[in-house]
Amino acid sequence: MSRASRRNFSRISIASAAARLMAEDGIEDIAFAKRKAARQIGATDAHAMPDDAEVESELRLYLTLYQGEEQPSRLRHLREAALETMDWLRPFRPYLTGAALDGTASGFSAVDLLLFADSGKDVEIFLLDNGIAYTAEKPRHRQAETLLRLSLPKADVNLHIFPAHLEHQRFQRRDGRERERLPPDKLRRLLEEA
């Protein structure tokens, strides 16, 4: 087997193992899943590391093969929970993003919402005024002000809060691809059409 063939085989193996870890163990961070998968299969070639898109493709395949019966209802459930949450968070201009939107949601996935507010404190006050418990964490995106995690009856929800002036800015994933996002009216149409 040539060096290129071995590298390609290793990329596919790592992507597949990372997808399994994400689906079965609830790992959300693709980079962490790739590193852990590479260690598990004994891959040592740094150039053989798959990109995020390859892992997401393998994750979709894994979910179709091994969780195909429950995946459509899981996505619908998360999207309905997202829409319900977005409706009461409308003052903060919410958008759905992440696994519930792109179809890679596993049984461990939370709903990821982007909010655009004058201040993250405004969102926190809103949640406190409505008796909604949350935990604040350091955001993963460098332009986000804060990350608030909610455990709601229908689903766990991550609120990624950005300054209001960034609402129309395009966000990119770590690998340079544009991060998809969907406003409530388009999510409602998506659910009606499904």
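Buried, as I use the word, means under 20% relative accessible area, with exposed over 50% and partly exposed in between, for a 1.4 Å probe and protein chains only. Helices (H or I, at least four residues) and strands (E, at least two) are DSSP runs, numbered from the N terminus.

This is a predicted model, in which local features need pLDDT of at least 70 and side-chain atom pairs count only at pLDDT 80 or more, while totals for chains, interfaces and linings use all residues. Residues are numbered from 1 along each chain as its sequence is written, and side-chain values use heavy atoms, with hydrogens and water left out.

Five strands make up an open sheet of mixed pairing, in the order 1-2-5-4-3; two strands pair if DSSP finds at least two bridges between them. Strand 1 (95-97) and strand 3 (135-137) are the edge strands; each has a single partner, so one side of each has no neighbour in the sheet. On average, neighbouring strands are turned by 30 degrees against each other, direction ignored. Axes here are lines fitted to C-alpha atoms, for helices over the stretch in contact, and angles run from 0 to 180 degrees between N-to-C directions.

Now strand 2, residues 111-117. Aspartate 112 takes part in both pairings: its bridge partners are threonine 97 and, in strand 5, asparagine 158.

How many residues of strand 2 are buried? Seven of the seven are, so strand 2 is largely enclosed by the rest of the structure. Val111, Leu113, Leu115 and Ala117 point one way, and Asp112, Leu114 and Phe116 the other. In a regular strand the side chains alternate between the two faces of the sheet.

Helix 6 (residues 120-129) lies across strand 2, strand 4 (146-151) and strand 5 (156-163), at about 15 degrees to strand 4.

Leucine 187, in helix 7 (residues 184-193), is buried because its relative accessibility is 0%. Beyond residues up to four places away in sequence, leucine 187 touches Arg79, Ala82, Leu83, Met86, Leu96 and Leu182, where contact means heavy atoms within 4.5 Å. Leucine 187 and alanine 82 are 105 residues apart in sequence and 8.8 Å apart in space, C-alpha to C-alpha.

Tyrosine 66 sits in helix 3 (residues 52-67) and counts as exposed, at 57% relative accessibility.
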